[in-house]
Amino acid sequence: MKRDCSIDIRHLTRVEGHGNIRITVREGKLVEARWAVVETPRFFEVMVKGMSAERVPFLTSRICGICSISHALASIRALERAMQVTPPPAAEAVRLLAMHGETLQSHALHLFFLALPDFAGTPGILPLLESHPELVRAGLHLKELGNEISTVTAGRCTHPVSLVLGGLSKAPDRKHLQQLLDIIGERKSALEVACDFFASLDIPQFERETEFISLHNGSTYPFIGGELVSTDGVRRSENDYLLMTNEYLTEFSTSKFTRCSRESSAAGALARFNNNSAFLHPEAKKAAEKLGLRKVSHNPFMNNIARLAECVHILHDAEALIGKLLDMDLLEIRTRFTPKAGSATGAVEAPRGILYHHMETDEEGRVSKADCIIPTTQNNANIHNDLQALALQSLEEGKTDREIEKLAEMLVRSYDPCISCSVH
């Protein structure tokens with residue numbers, strides 16, 4: 001007898017925001033497999049209209065409590081490019097270090113507290129406090145380090161106060177930078193614990209050929225600015241972000257979907273790795289090899305592994321950045337500028353993928369138009385299409401309803417969606 005199956009998850013847990021998964025099978029045939037965002041649109045672009053450019057980053061950082069540094073820096077980059085402002089080298093180094101702090105704390109939160117229970121077979125993190133205390137401790141130590149880096153560089157660990165147009169309002173304290181250097185050396189052991197554990201996991205075997213989009217600068221692993229590239233060979237300038245995203249509406253989701261060369265595309269850690277793995281720190285390359293991560297990977301579950309490899313890169317690159325900052329004169333941290341009319345896009349690699357802020361200013365330096373396209377917005381269509389392919393594969397393999405449900409949940413979580421941010 002051909003089976004029926006009905007999976008209706010409202011709302012998916014261990015993600016940020018509200019999203020639904022629905023999979024329906026009738027007489028052995030897949031009727032639907034749907035990913036739907038059901039958040040109310042937030043209209044944050046309208047809120048900055050008419051606002052002084054200098055005030056905008058403090059508001060846009062409130063778009064997300066996890067990626068607040070990314071949002072602040074995307075706005076800052078867009079406005080600086082629009083008004084032709086070049087920040088001092090010391091400020092650029094501190095900004096990159098701030099991005100590292102945010103990415104590390106976000107990756108640690110996802111890997112150890114949102115995704116790990118799936119692989120450990122527990123409903124949440126609390127049972128792991130008894131079964132894997134050293135692993136939970138490692139996650140806490142890495143999350144704490146990310147928060148500390150953010151605090152030292154941006155003034156606090158969320159909603160930054162010292163990242164401003166032209167550079168920084170305050171340089172990080174040298175004593176605090178040295179303390180960070182010492183803590184990083186201590187916390188590398190936490191990454192070793194994590195790599196050993198994740199290398200032992202049985203990652204679900206699922207692939208769907210995908211176009212991966214990220215930043216690329218040809219010399220370093222990208223976090224702030226650069227060309228827009230895809231694994232399908234598309235290359236565009238930062239200001240051509242609309243040609244890379246091509247947003248469109250669907251009748252079942254309050255968040256838009258995007259596409260580039262195919263019906264959907266993906267952003268995030270795996271996209272960055274697939275486009276830029278050559279620029280990872282040598283230790284991160286070793287970790288990727290140990291974890292079985294090789295480009296071009298089309299398995300969305302490997303997003304988790306790519307995040308871990310990025311954590312290794314971040315710790316080593318943060319060490320180098322701090323050493324560089326300790327040798328620099330931190331007195332010149334902000335460039336004076338005159339407000340002017342202009343238009344530009346700022347792109348950064350937020351933890352969940354490439355983030356675009358487009359800003360247009362008038363002659364007084366007030367924002368006349370804004371547009372923000374969030375990583376999860378760019379991933380929604382790919383999640384939706386992955387779910388369909390995963391459901392079909394699972395049916396062919398004879399998996400039970402519960403097995404399909406768990407895999408579907410794990411698939412969406414592998415993208416670590418920031419759902420509330422995606423409804424712009």
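Predicted model: local features only at pLDDT ≥ 70, side-chain atom pairs only at ≥ 80, totals over all residues.
## Cysteines without bridges

Let's start with the sulfur atoms: this structure contains zero disulfides.

Take C421 and C418. Their sulfurs lie 3.3 Å apart, and C418 holds the closest cysteine sulfur to that of C421, yet this is too far for a bond, because a disulfide needs the two sulfur atoms within 2.5 Å. C421 counts as buried, at 3% relative accessibility.

C157 tells another story. The closest cysteine sulfur to its own belongs to C64, and at 13 Å that is too far for a bond. C157 is partly exposed, with a relative accessible area of 34%.

## Overall build

Stepping back, the protein chain is made up of 13 helices and 14 strands. Its C-alpha atoms fill a box of roughly 75 × 45 × 35 Å along the principal axes.

How does the radius of gyration of the protein chain agree with that of a compact globule, and what is its value? The chain has 21 Å, in agreement with the value near 22 Å that a compact globule of 424 residues would have.

## Inside and contacts

Of the 424 residues, 59% count as buried. Among contacts between residues at least 6 apart in sequence, 71% join residues at least 24 apart.

## Surface and charge

The protein chain exposes about 16900 Å², and carbon and sulfur atoms supply 49% of that area. As for charge, there are 47 positive and 54 negative side chains. The centres of these two sets lie 2 Å apart.

How values were computed. Residues numbered from 1 in each chain as written. Heavy atoms only, no water. Helix = DSSP H or I, 4+ residues; strand = E, 2+ residues; numbered from the N terminus. Rg over C-alpha atoms; globule rule 2.2 N^0.38 Å. Buried < 20%, exposed > 50% of the residue type's maximum accessible area, 1.4 Å probe, protein only. Contact = heavy atoms within 4.5 Å. Areas by Shrake-Rupley, 256 points an atom, 1.4 Å probe, with all protein chains shown as cover. Lys, Arg positive; Asp, Glu negative; His and termini not counted. Charge placed at Lys NZ, Arg CZ, Asp CG, Glu CD.
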